[in-house]
Structure formats: C-alpha cells, structure tokens
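Please read the report below beside the sequence and the structure.

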Amino acid sequence: MSRYMPLSFALASTIALASTSDAFAHCFVGARFFPATLATDDPCVADEMSLPTVSWSKTADMPPASEWDISGELSKRITENFGVSIGETWAQIRQPDGSVTAGFQNFETAFQYQLLKDRSHELALMAGVVVEWGNTGATNSGLGTSYSLVTPTLYVGKGFGELPDTVAWARPFAVTGQFGYQIPTSSFDFSQSVFIPQQLVYGASLQYSMPYLKSEVIDLQLPDFFNHLIPIVEVSLTTPVANNFGNPYTTTGTVNPGVIWVGSYFQVGLEAQIPINRESGSGVGVLGQLHLYLDDMFPTTVGQPLFGGTSAAPRKLTF
Amino acid sequence: MRMLIFATSALLTVTAGTAAKAHAFLDHAEPRVGSTVPTAPRELSLSFTQNLEPAFSSVEVSDANGTRVDQGKPKISASVMRVSLKPLSPGTYRVRWQVLSVDTHTTEGSFTFHVGR
C-alpha cells in the first residue's frame, strides 16, 4: 500500500462527513475579492483547487536549460478559519545537449489560520506554516531533497476602497503580500556538498479589479469579458540570510506581469515571468493556472469547512 | 502527486451531482453604478448573478447627509432586488447592499449615483 493511502483515506472520509455552514468561502473581504494569485498566495483560507499550474522558464545555468513545472494544489478549510493545503509539482529540465531530468519535487503542505478579515477596511491577515517534506520527491535526480523545508509565513491583503472620491478610479487597486522565513531541517547537503541556507521567502502583488470598478465605482458598460479581468503584477523573491557559507547572498526571483479572468466558479490566470537578475533565470518565462472555487462549485459538501461551521440559519444581514 | 490525484478523485466522487451555485455578484444596477441621471428615479433596481434569499438580503439608499431615502421593504424576485425611493432632490446618493445567494454565500457592496447634475 502506498504510504499516502492512510492520509488520503482520512482526507476522503472527512470530506464525506462535511458539515453544513454559512460559507463566506474564497477570498471575499467586504466588497473586495482577492483572486488566487499565481506566484504567491492570497491572504485567505479557502476551499479551492489549482489544477493545473504550468510554468515554463529557462534556468540560470550557462548555457541555460529549459524547465517545465506542472503542479496541483488542493486547499480545504478544516474550520471556518483554519485550512490545510496539499500540493505537488512535477518538473522536467531539458539540458542544451538534449538530456532530460524529470520527476516530482518534494510534497508540500501548508497549514494556515485566518487571523483577520476586516470588511470595512478590506484588510485580511493570515498566518501559516509551509512544509516541503524531505525524501518525498525525486532526490536522486536533484528535483527533491532529503531534507525538509519549514517556512513560517505571514500573509496580508489590503484593498484601496477607502480612497476619497477625488481618486475613486484608484479604489479597485489592492495589494497582497507574503513574508516567510524558510528553515531547512538540515544545515548541510552531503549529496551536493553545499550548505543549505536559511532564506527569506517573500512576495507581493499589485492588482486592479475590473469587477470592483464596475460594481463599486462606475459601470462603464464595457464588454462583459473585460468586467471579469484583474490585471496584476506579482513579485516573488528569495534571499539567503544565514548558513550560506561560500555562496553569495544574492536575492533571486521574478517579476510577473499578467492578468486573471475571474468567473463564478473558476478563474484563469496567465503571467510572464521576468527574472530580476542573471542568477534568477535566462529570458522571460510563462506561468499559467486554472483555479477552481470549490466552495462555489460544491456549496453543500466540499465547499464547507469540515468542522465548526455555523450550521444554524444564516444571520440576518445588517449594515 | 499520487495523494493529490487520490484526494481529487475522492473530492469529485463525493461532490458528484451537487448543484453548483455561487456568490451573488452585482451584475448591473439602475441607476447605473457611478452614473448621473437627469431626473430623480422612483426606484432602485439591483440585478445579481445568482438568485437571492429574500429574508437575508437588504439594501439602503442614503443622501449626502446620511438620511435614508429608500422607502418600504425591498422586493426580491429571483436575482433582482428593487426598492422604492422617496422624491430625490439633485445630489449624490449612496447605495449599500448585502445579499445572501440561495447557497448561503454572502456578498456586499456599495456605490453612488448622482441626480440632476
């Protein structure tokens, strides 16, 4: 039996026992909707699935290799404010000489807790711990590692809906950010004879919501397609900060301009990946994602938190 | 990946046959969001992307001083909510709404429209 089977069975069982509740679901904070971002994480626990996320890029090697990453992630609320995510990535690296390395990266989980959703200020805060589990990927080919990576992370999102009427056009703007400190469970990688650094893993997004513009500021009677768009720029960065002996403390990462189309049950995102320096990659890559809102697709089953939901009748809405 | 596939399969199995409904977004309003209308409307109409639960959906309209100018209970039919308005003088009016879609998802929002200028 696969080592994943017990956990899988437990997950499937708890899904089957899903209770009823009042569901705010994916990332709504007052009038603000934060879409699921592609390179970073949005600031809300939710019932959602990203399948697939596909990226293509060229590595920083000289000459560069081309890399495909195909990943999936499933996020599930356990309670109204606590959620768990599981994710896996399959990678393929093709060297200029035609040789190919392919396999799974380490299995990843995230445990996240919603600290705050301030509707009037369109502010969301979430804390979490991301764990990439050692020895769950293709360690022989270097795509997985024998050690785990633990990253306590803080997530934030803020909408600009409070801006005055004189700059009402800017109210659809919102920012999100995440700030994590990555700690490896081993300080030295004997297979490659290198120190394993502790790193800051952080990122942000600036987004402009056309749905917000239409419903909160001004209805320009644009074609419906445009009213579903959220142009976005994401930044995803990593900076070694400790245990990096003999290596430069260079920040690496990408700037990702793109757009997300938001529907009632799913969203589709497409971004360019622009390396911030030579150490981050060669040339512009591409990142795409199909993201499903499970709470909207299956509101009475999977779209509910497993435990502790407010199974009573919905509250009377008041201003 | 095997676990993800298994979990996804379980998810799809459990949810097979479940009716899909979603959050109710404001599709359009009359008077339109952010618009200026030359004459005072007698009624505000809000159309949403999903059907609403009348008992848990509400709307209020207020003038620049915060005085309510809507009158009577909102009338809700399927995905459309209407409320009568008192005679409006020229000025700016704010609409604030909260609705519950039929699958218990709540959404809210606000916008302004202008009369006579």
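For chain A as a whole the mean pLDDT is 88, and 89% of the residues reach 70 or more.

This is a predicted model, in which local features need pLDDT of at least 70 and side-chain atom pairs count only at pLDDT 80 or more, whereas totals for chains, interfaces and linings use all residues. Residues are numbered from 1 along each chain as its sequence is written, chains are lettered from A and ligands numbered from 1 in the order in which they are written, and side-chain values use heavy atoms, with hydrogens and water left out.

**The two chains**

Helices (H or I, at least four residues) and strands (E, at least two) are DSSP runs numbered from the N terminus. Buried means under 20% relative accessible area, exposed over 50%, and partly exposed in between, with a 1.4 Å probe and protein chains only. Accessible areas come from the Shrake-Rupley method with a 1.4 Å probe, and for residues only the protein chains shown count as cover.

| Chain | Accessible surface | Share from carbon and sulfur atoms |
|---|---|---|
| Chain A | about 14,000 Å² | 66% |
| Chain B | about 5,300 Å² | 51% |

Chain A has 3 helices and 17 strands, and 47% of its 319 residues count as buried. Of the contacts in chain A with a separation of 6 or more, 61% are accounted for by residues 24 or more positions apart. Chain B has 1 helix and 8 strands, which run α-β-β-β-β-β-β-β-β from the N terminus on. In chain B, 50% of the 117 residues count as buried, and residues 24 or more positions apart account for 59% of the contacts with a separation of 6 or more.

**Helix H2 and a glycine of chain A**

Helix H2 (residues 210-217) of chain A is mostly covered, since 7 of its 8 residues are buried; these are Met210(A), Tyr212(A), Leu213(A), Lys214(A), Ser215(A), Glu216(A) and Val217(A). The buried residues of H2(A) pack against S2, S13 and strand S14 (229-242) of chain A, together with strand S1 (26-30) and strand S8 (106-115) of chain B. The charged end of Arg32(A) sits over the ring of Tyr212(A), 3.9 Å from its centre; such a placement requires NZ of Lys or CZ of Arg within 6 Å of the ring centre and within 35 degrees of the ring normal.

Gly253(A), in strand S15 (residues 252-262) of chain A, counts as buried at 13% relative accessibility. Not counting residues up to four places away in sequence, Gly253(A) touches Ser236(A), Leu237(A), Ile274(A), Pro275(A), Ile276(A) and Ser280(A). Gly253(A) and Thr300(A) are 47 residues apart in sequence and 40 Å apart in space, C-alpha to C-alpha.

**The disulfide**

With a disulfide taken as a pair of cysteine sulfur atoms within 2.5 Å, the count over all chains comes to 1. Cys27(A) and Cys44(A) form this disulfide, with their sulfur atoms 2.0 Å apart. Cys27(A) lies in the loop between helix H1 (5-16) and strand S1 (28-29) of chain A, and Cys44(A) in the loop between strand S2 (32-33) and strand S3 (48-58) of chain A, so the pair ties together parts that are 17 residues apart in sequence. The torsion about the S-S bond of Cys27(A) and Cys44(A) is about 50°, so the disulfide is right-handed. Both Cys27(A) and Cys44(A) are buried.

**Aromatic pairs**

Rings of Phe, Tyr and Trp (its six-membered ring) pair if their centres lie within 6.5 Å, and planes under 30 degrees apart count as stacked, over 60 as edge-to-face and the rest as tilted. The structure holds 12 aromatic pairs over all chains. Among them, Phe173(A) and Tyr208(A) have ring centres 4.7 Å apart and planes at 70°, so the pair is edge-to-face. Phe173(A) lies in strand S10 (residues 173-184) and Tyr208(A) in strand S13 (residues 198-208) of chain A, so the pair ties together parts that are 35 residues apart in sequence. Phe173(A) is partly exposed, with a relative accessible area of 23%, whereas Tyr208(A) is buried, with 17%. Trp261(A) and Phe266(A) form a tilted pair, 5.8 Å centre to centre and with 35° between the planes. Ring pairs also link Phe28(A), Phe33(A), Tyr293(A) and Phe25(B) into a cluster.

Conventions
Contact means heavy atoms within 4.5 Å. pLDDT is the predictor's confidence in each residue, from 0 to 100.
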